[in-house]
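Subject: A structure for you to explore

Hi there,

Here is the structure I promised to pass on to you. Have a look around it first, and then read my notes below.

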Amino acid sequence: MSASATITLVPSVPLLALDTVWFQVAGTLCNLTCSHCFITCGPTNRRHAMMSRADTRPYLDEAVALGVRDFYFTGGEPFLNKELLPILEDALAIAPSTVLTNATLIDAAHAASLRRLEQASRYSLEMRVSLDGLDPASNDALRGEGSFAEALAGLRELSRAGFDPIVTVAQTWDDPSDAAMRVRFHDTLREIGLARPRVKVLPMFRVGREAERTQGYDARERLTPEHVEGFDMRTLQCSTSRMVTSQGVYVCPILIDSRDARLGRTLRESMRSFPLAHGACHTCWATGATCRN
Amino acid sequence: MEPIAVFGGPYGNHLALRAVLEDAARRGASAIYCLGDLGGFGPRPGAMIALLEEFQVITVVGNYDRALAERQPDCGCGYTHPKDNEYARIAYAFTDARASAQDRAWMARLPESLRLLRGGRRYLLCHGSPRQTNEFLWDSASSNPFLERIAAEAQADQVLCTHTGLHWQRELGMGRRIVNVGAIGRPANDGLRVAWYAWFASDRHDAQFLPVAYDTDAVAAEMDAEGLPPEFGETIRTGWWTTCLEVLPAKERARGRW
């Protein structure tokens with residue numbers, strides 16, 4: 001009885017509009033093996049494959065027809081994809097675009113090429129760089145030996161090329177009030193030479209490798225109709241966005257390892273409601289988090 | 001076609017508002033439209049309604065006006081960064097404390113949007129976007145396919161909006177056009193000490209953005225005297241935004257000083 005009752009009590013989120021399309025452009029391949037990665041990316045994870053320019057093209061065209069507002073490119077590490085720059089060139093001809101990167105592979109030549117693409121477009125190209133600590137000790141404990149120094153080098157190259165990168169920090173600290181930590185990040189980034197430091201804090205999603213590092217979701221961390229009563233569904237990114245990977249179209253960037261989160265082969269097929277049945281759904285609801293900038 | 005003037009966000013800046021209204025009247029505007037957000041930022045939110053009535057301005061509700069009318073706890077600007085929200089809270093508390101019951105009732109009567117038929121084109125006037133009062137339509141963050149979709153869904157040939165505080169316009173497909181008229185209460189983050197508004201000349205659907213000078217030193221001094229953050233006064237004195245910057249997309253942010 002309780003099992004059937006649970007199934008009927010899962011609230012669903014409608015797709016109100018397809019504003020944002022994400023691309024898992026590097027699949028689940030990454031040069032780092034972060035211990036809190038919610039999709040367990042690493043040098044050998046090929047569950048979602050690298051996407052070529054030819055793979056992304058039909059989705060870009062479909063997104064235009066559906067009135068897309070913006071694109072996001074993530075992985076894995078997007079700069080492992082040799083076709084990233086041509087893909088971005090295609091995307092920036094259509095809509096503003098954001099790249100989520102660990103910056104460890106960005107050299108002066110990359111940064112200059114990105115800058116040329118950005119300047120050739122009427123739209124913004126946002127560079128979002130993940131960093132999880134203010135010093136090598138705290139960052140590298142999560143992201144791997146040497147990653148702090150390499151990320152800083154990449155950030156400096158982006159800054160020199162004229163970008164104001166958005167540094168994304170996973171909230172690994174316990175204190176729910178993150179104001180002080182934001183200020184510290186801001187000040188540290190200014191010290192290393194970023195002219196206009198921008199910081200975005202994201203909550204931890206306890207899936208993938210993070211579930212092993214700490215703990216997964218507890219059965220009580222699930223949304224019920226009471227949770228969403230009077231709740232503005234527009235605040236959930238799944239009401240306005242979809243994620244494209246080599247495996248098809250998923251509801252969001254967090255749940256690409258969940259089979260039920262694959263909503264179709266095309267964007268059109270994916271334009272339907274989704275049951276908010278995951279622990280990660282509870283996190284987005286509780287924190288107001290969005291993977292958007 | 002009669003010429004019309006359209007402006008956004010007077011933000012409690014009474015001298016900017018008076019200067020724009022006088023300029024539009026002098027040019028012979030057949031109608032003047034305000035796209036909302038009477039308060040926030042400036043020193044005299046209580047002076048806005050009388051000025052709008054004096055010049056018979058037709059006004060659309062902004063998120064600020066709705067928040068005050070409904071006595072909401074914050075301005076509903078839609079900022080997501082704590083640094084932006086910190087200053088937004090100060091401006092809202094200042095404005096809220098100066099809003100009378102009559103002011104709130106006046107704001108509660110403002111329409112969500114207005115439709116005009118002008119020269120055979122369907123104009124839609126709104127605050128943020130046709131679908132959401134506090135949606136930011138930035139130039140560099142709004143794609144053509146997206147703008148064409150929301151205009152088509154709103155059954156409009158010409159969408160006039162504000163909310164971002166930065167003016168821009170773009171011709172879209174199918175003869176459509178979007179015009180973000182900007183805001184007059186705060187400079188346009190361009191280093192100029194002026195108020196920008198949109199003028200639609202008698203034979204045209206594209207906007208001419210007009211800069212209007214006003215006594216910025218006087219407004220900044222009033223802001224300081226009211227105990228508003230010195231950063232607000234600095235913005236008026238320099239023409240560069242000093243607060244609520246985190247919401248800006250890359251291109252818009254890079255054009256500013258901060």
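Let's begin with the surroundings of one residue. Leaving aside its neighbours within four places in sequence, Thr162(B) is in contact with Gly8(B), Gly9(B), Leu35(B), Gly36(B), His127(B), Asn180(B), Val181(B), Gly182(B) and Ala183(B). Please keep in mind that this is a predicted model. Thr162(B) sits in the loop between strand 6 (158–161) and strand 7 (167–171) of chain B. Is Thr162(B) buried or exposed? Since a residue counts as buried when 20 or more other C-beta atoms lie within 10 Å of its own, and Thr162(B) has 29 of them within 10 Å, it is buried.

Next, the nonpolar core. The largest one holds 160 residues, and Val6(B) and Tyr197(B) touch the most other members. Helix 1 (residues 14–26) of chain B contributes the most to this core, giving six residues. Apart from neighbours within four places in sequence, the contacts of Tyr197(B) include Val6(B) itself, along with Ala5(B), Phe7(B) and Val20(B).

Now for the sheet. Five strands of chain B form an open sheet in the order 3-2-1-9-10, with mixed pairing. Strand 3 (58–59) and strand 10 (208–213) of chain B are at the edges with a single partner strand each, so one side of each has no neighbour in the sheet. Strand 1 (residues 4–7) and strand 2 (residues 31–34) of chain B run parallel and are joined by four bridges. In one of these pairings, Phe7(B) has Cys34(B) in strand 2 of chain B as its bridge partner.

Which of its residues are buried? They are Asp103(B), Trp106(B) and Met107(B). Viewed down the axis of helix 5 of chain B, these buried residues fall within an arc of 95°, so they line one face of the helix. They pack against helix 2 (48–54) and helix 3 (63–69) of chain B. On the other side of helix 5 of chain B, Ala101(B), Gln102(B) and Ala105(B) are exposed.

Finally, a pair of helices. The axes of helix 7 (residues 216–225) and helix 8 (residues 230–238) of chain B come within 9 Å and cross at roughly 180°. Helix 7 and helix 8 of chain B are therefore roughly antiparallel to each other. Where they meet, helix 7 of chain B brings residues including Val219(B) and Met223(B), and helix 8 of chain B brings residues including Phe232(B) and Ile236(B).

Happy exploring!

Note on methods
Residues numbered from 1 in each chain as written. Chains lettered and ligands numbered in written order. Predicted model: local features only at pLDDT ≥ 70, side-chain atom pairs only at ≥ 80, totals over all residues. Core = buried A, V, L, I, M, F, W, Y, C linked by C-beta atoms within 7 Å. Buried ≥ 20, exposed ≤ 12 C-beta atoms within 10 Å, placed from the backbone. Helix = DSSP H or I, 4+ residues; strand = E, 2+ residues; numbered from the N terminus. Contact = placed C-beta atoms within 7 Å. Arc of directions from axis to C-beta. Pairing = 2+ DSSP bridges. Axes fitted to C-alpha atoms, helices over the stretch in contact; angles between N-to-C directions. Parallel < 35°, antiparallel > 145°, perpendicular 65-115°, else oblique.
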